[in-house]
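This report describes one protein chain together with its ligand. The sequence and the structure are shown first, and the description follows by topic.

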Amino acid sequence: MMQTLTVGLSDRSYPIHIGTGLLSNAALLAASIPRKRVAIVTNTTIAPLYLSQLQATLREIGVQSVEIILPDGEVYKTGETLNLIYDGLLTHRCERTTPLIALGGGVIGDMTGFAAASFLRGVPFIQIPTTLLSQVDSSVGGKTGINHPLGKNMIGAFYQPKLVLADISTLNTLSDKELSAGLAEVIKYGLIRDLPFLEWLERNIEKLLARDTEALQYAVMRSCQNKAEVVAADERESGERALLNLGHTFGHAIESGMGYGNWLHGEGVAAGTMMAADLSQRMGWISTDDVLRIRDLFLRANLPVVSPDLGIDRYLDYMGLDKKVEGGKLRFVLLKQVGVAALVSDVPLALLQQTLVACCS
Ligand code: NAD
Ligand code: MG
């Protein structure tokens, strides 16, 4: 069974369809592709798995596709690779009405989205996310972009897709490690704003790891619902949207400190969330039992709960470089309660230092 959510952004509202076998669902694509041509952007890992299936579905509705197949990896989320997309689009004479379809994880989605935002000053964009992380997070909300040698996601645009197809069936080929990394963001929604969902996750985490289709579909749907609500309320991150960064300031420090790619983003988020939980407890908001409860769920999801010992100074340094810093003050998303996050801008340095000592080894 398929479920549909709408991201409510007035004239830029769009549907997210979640279900199995969506890559073969001609009617869904037909509704969003009025013209006879699309450009599919994907990578060398995903193309052999899913490209021919998507092409066949498009052929069924009389749509021809050109393919742009990129190298796989976060290291290729660059201006150079973006140029490969423009090269392909220009070589194939794509027009302002030619939709770009991103078939892949968050790297493909972010780059293709930015290409769609900028090519000919904007062409229609369709997301077909194929990792759990991209289905629950990056494909929803319209942040697109590439990395710069001086910082991750530093060049980009807010650009909303016309349609998101989250095909749960594609998750069957994802590695266990990538699946767990996606679960970190899923757990995050429960922690910041949806206690009943967190409780559901505590009852169903093993089912998700076993890739039970119904459980996965429910988790993706509920996650997208949470993200869509936040984005609808605060598209450009002037307030509530920042709460989605729970664990991310610490997590980015871990990712940078360990060298990008050595820790998956979701792994950094899990360990970073444990640091945020520890700090929340030191601020007097959540209990030590709450911290252990969160730790237990991450452990069951096969995620790291202890951070690498980069040393206090390097953590502070990496967190100071984080783009979420405002006016020289370190802002943290912390937990007021389990299920309720808040943005805090006056954390005593001494407590932060205690957290950095307590959570690392
Ligand atoms: P990814 O796109 O690198 O995908 C992870 C790996 O899985 C890749 O090797 C990919 O080729 C492979 N893969 C993808 N789908 C597969 C499938 N169905 N079967 C087998 N292998 C598959 O990583 P990701 O975790 O999806 O996304 C991370 C990126 O998303 C980062 O660049 C991050 O900055 C970005 N992101 C963006 C937002 C946003 O709001 N735009 C939010 C979160 C993350
Ligand atoms: Mg994230």
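## Annotated binding-site residues

His248 belongs to helix H9, which covers residues 248–258. The model discussed here is predicted. His248 is buried, because 23 other C-beta atoms lie within 10 Å and the threshold for a buried residue is 20 or more. Apart from residues up to four places away in sequence, His248 touches Val269 and Gly272.

According to UniProt, in an unreviewed entry, the feature "binding site" is placed at Glu185, His248 and His265. These positions are spread over 81 residues of sequence, yet they cluster in space, with a largest C-alpha distance of 10.2 Å. His265 lies in helix H10 (residues 265–282). This residue, His265, also counts as buried, with 25 C-beta neighbours inside 10 Å. When neighbours within four places in sequence are left aside, His265 is in contact with Ala181 and Glu255.

The domain assignment divides the protein into domain 1 (3–171) and domain 2 (176–359). Their contact takes 24 residues from domain 1 and 25 residues from domain 2. On the side of domain 1 that touches domain 2, the elements giving two or more residues are strand E1 (3–7), strand E2 (14–19) and H5. H5 provides the largest share of that side, 5 residues. By class, the side of domain 1 that touches domain 2 has 14 nonpolar, 8 polar and 2 charged residues. Taken over C-alpha atoms, the centres of domain 1 and domain 2 are separated by 27 Å.

A further annotation from an unreviewed UniProt entry, "domain: 3-dehydroquinate synthase N-terminal", covers residues 68–180. This span is 34% helix and 28% strand, and its end C-alpha atoms lie 29 Å apart.

## The largest nonpolar core

In soluble globular proteins, nonpolar side chains tend to be buried together. The largest nonpolar core of this model has 105 residues, and Val41, Leu103 and Ala276 have the most contacts inside it. Both domain 1 (3–171) and domain 2 (176–359) give residues to this core, so the core lies between them.

Leu103 illustrates the contacts of one such residue. Leaving aside neighbours within four places in sequence, Leu103 is in contact with Ile40, Val41, Thr42, Ile46, Tyr50, Leu51, Leu54, Ile108, Ile128 and Thr130. Val41, which is in contact with Leu103, is itself among the residues with the most contacts inside the core.

## Loop residues with positive phi

Arg93 is a residue other than glycine with a positive phi, near 50°. Its place is in the loop between helix H3 (79–91) and strand E5 (100–104). Is Arg93 buried or exposed? Arg93 is exposed, because 9 other C-beta atoms lie within 10 Å, and a count of 12 or fewer defines an exposed residue.

Asn302 likewise is not a glycine and has a positive phi, of about 60°. This residue, Asn302, is found in the loop between helix H11 (288–300) and helix H12 (312–320). Asn302 is partly exposed, with 16 other C-beta atoms within 10 Å.

## Separation in sequence and in space

Ala342 is found in strand E11 (residues 340–344). With 16 C-beta neighbours inside 10 Å, Ala342 counts as partly exposed. Ala342 and Leu243 are 99 residues apart in sequence, while their C-alpha atoms are 6.6 Å apart in space. If neighbours within four places in sequence are left aside, Ala342 is in contact with Leu334 and Lys336.

Gly73 lies in the loop between strand E4 (64–70) and H3. Gly73 is partly exposed, with 13 other C-beta atoms within 10 Å. The C-alpha atoms of Gly73 and Lys227 are separated by 25 Å, and these residues are 154 residues apart along the chain.

Terms used:
Residues numbered from 1 in each chain as written. Chains lettered and ligands numbered in written order. Predicted model: local features only at pLDDT ≥ 70, side-chain atom pairs only at ≥ 80, totals over all residues. Helix = DSSP H or I, 4+ residues; strand = E, 2+ residues; numbered from the N terminus. UniProt positions renumbered as here; feature names shortened; annotations may be inferred. Core = buried A, V, L, I, M, F, W, Y, C linked by C-beta atoms within 7 Å. Domains from an automatic or database assignment. Contact = placed C-beta atoms within 7 Å. Nonpolar A, V, L, I, M, F, W, Y, C, P; charged D, E, K, R; others polar.
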